[in-house]
Amino acid sequence: MPTNDITKLGKNILEILEKFEELELEDVTIEADELVLKMAAGVARMAPPPLRMAAPGVIPTALPAMRPFQFLEEKFKPPIQEYPGQIVEVQFGQTKKEGGTRKEIRKIGGEKVPPFYRFEYENPNRPLVTFDVFDMRVSLPKPIRDHFDEVMDDPAEWAKKSLKEYGADLVTVHLISTDPYIKDTPAKKASKTIEDVLQAIDTPLLIGGSGNPDKDPEVLEAAAAAAENERLMLNSASDNLDWKRVVEAAKKYNHNVLSWTQLDVNNQKKMNQLILDAGLPKDHIVQDATTAALGYGLQYSFSIYERIRMAALKGEADLQMPLSSGTTNAWGAREAYMSDKKKGSEWGTINFRGPLWEAITGLSLALNGCDIFMMLHPASVQIFKTVVEYLTSKKKDKPSPLLNWITTKA
């Protein structure tokens, strides 16, 4: 149509459409703020400017009626999976009725599904926290020392404070003074420390040596005898010491044993098999594949724990024991322990940074099904237990302020 008058063109469009029901435009450019074409089936609106219609093009006389879109209603069904394996339940402590003296007992394990998979199954026991207690004053990071300084010369009082003031479920007494290169405390005298702690608290405890492979079997044997039928845990049976002696002591005096290896699934399986072959029941064994501290190896430790737990749930019988984490290893990362002055203020205060390092280490491994966590700082424990409580509780109240710890200022 040889006209540049858009007004005249607009008037002629309807006449052409009514007569021929089709309009074909060639070599035409339409520029307008808004172009409205009134047609039989309604209104076609084209915008925004400039609108250019390249030739050739055909404008139909009517647009097809559009049916309203409806979403299909479908109820969500969680992808329930059944696992052939199950983690054994391990009990710490025995009551007077069971032959011990503990007023309270603790249990871990019993899982049938991965941690916090409550849509599949409600695992029976929550993760537990055990505070580390030492039989002598030791060098600890200042943020920890500030909380325990007045009791660090008395392991019984240290244990009581950990339980009553800071919410520990258990305590682990480390008999480090027995190391020949520290104080070389005789095993019999060290066992007296265990007796004192047992009299001071109502809960079970875990017993650790000094880490000296030559002395530890003797020390753990004496401690096991002093706490007969209390069903404590001896830390630990490993391939770098006389583990048979430790296992025999556990069998004789009715205790649990920590099967400890270093970041290798096959080695962990082998150590478990050896202990089982030695006659200790599966429900008296807890395994520790070693917790590498956040900052220099947590990702490796995380993968090892994950492989052990999933293999157990899939039916690997020799790995179907609860998992333990030496979460206090987090304080071995320089990001956790380094003084504020050495690195500078960009890392933040150690009073905030250190506890978070420990809490995140524990929470990371809890996602893999770890059952018991050895920890040191009260704030770390509070953060850890608050998150676990929220993930396992049937009540869904407003999240605790502690769950917003990442925005908290020290």
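The dialogue below goes from the whole chain to single side chains.

Q: What kind of model is this, and how many helices and strands are there in the protein?
A: The model is predicted. The protein has twelve helices and 14 strands.

Q: What share of the residues in the protein is buried?
A: Of the 410 residues, 48% are buried. Buried means under 20% relative accessible area. The protein exposes about 22,100 Å², and carbon and sulfur atoms supply 51% of that.

Q: Where do I look for a nonpolar core?
A: Start with the general idea. In soluble globular proteins, nonpolar side chains tend to be buried together. Here the largest nonpolar core has 80 residues. Ile194, Leu205, Ile207 and Ile275 touch the most other members.

Q: Which residues does isoleucine 194 touch?
A: Leave out residues up to four places away in sequence. Isoleucine 194 then touches Val173, Leu175, Leu205, Ile207, Ala223, Ala227 and Leu232. Another core, of twelve residues, lies apart from the largest one. Val88, Val90, Leu206 and Met374 are among its members.

Q: How do I read a helix such as α5, and which of its residues are buried?
A: Again, the general idea comes before the case. An α-helix has 3.6 residues a turn, so residues three or four places apart point the same way. Now take helix α5, residues 216-226. Its buried residues are Asp216, Pro217, Val219, Leu220, Ala223 and Ala224. They lie on the same side of α5, because they cover an arc of only 160 degrees around the axis.

Q: What covers the buried residues of α5?
A: The cover includes two helices, α4 (187-200) and α6 (243-253). It also includes the strands β9 (205-208) and β10 (233-237).

Q: How many salt bridges are in the whole structure?
A: Side chains of opposite charge can pair when their charged atoms come close. A search of the whole structure finds 18 salt bridges. One of them joins lysine 107 and glutamate 89, at 3.9 Å from N to O. This pair links distant parts of the chain, 18 residues apart. Lysine 107 is in strand β6 (residues 106-109), and glutamate 89 is in strand β5 (residues 89-92). Lysine 107 is partly exposed at 33% relative accessibility, and glutamate 89 is partly exposed at 34%.

Q: Where do glutamate 150 and lysine 161 lie?
A: Glutamate 150 is in the loop between α2 (142-148) and α3 (155-164), and lysine 161 is in helix α3. Their side chains meet in a salt bridge, 2.1 Å from N to O. The pair therefore ties together parts that are eleven residues apart in sequence.

Q: Which residues form a nonpolar patch on the surface?
A: Ile80, Tyr117 and Phe119 do. Together they have about 280 Å² of accessible area. Phenylalanine 119 sits in the loop between β6 and β7 (128-134). Phenylalanine 119 is partly exposed, with a relative accessible area of 41%.

Note on methods
Residues are numbered from 1 along each chain as its sequence is written. This is a predicted model: local features need pLDDT of at least 70, side-chain atom pairs count only at pLDDT 80 or more; totals for chains, interfaces and linings use all residues. Side-chain values use heavy atoms; hydrogens and water are left out. Buried means under 20% relative accessible area, exposed over 50%, partly exposed in between (1.4 Å probe, protein chains only). Helices (H or I, at least four residues) and strands (E, at least two) are DSSP runs, numbered from the N terminus. The arc is that of the directions from the helix axis to the C-beta atoms. Contact means heavy atoms within 4.5 Å. A salt bridge is a side-chain nitrogen of Lys or Arg within 4 Å of a carboxyl oxygen of Asp or Glu. Patches are made of residues with over 30% relative accessible area and no salt bridge: like charges are joined within 9 Å, nonpolar side chains (Val, Leu, Ile, Met, Phe, Trp, Tyr) within 5 Å. Accessible areas come from the Shrake-Rupley method with a 1.4 Å probe; for residues, only the protein chains shown count as cover. A nonpolar core is a set of buried Ala, Val, Leu, Ile, Met, Phe, Trp, Tyr and Cys residues joined through side-chain atoms within 4.5 Å.
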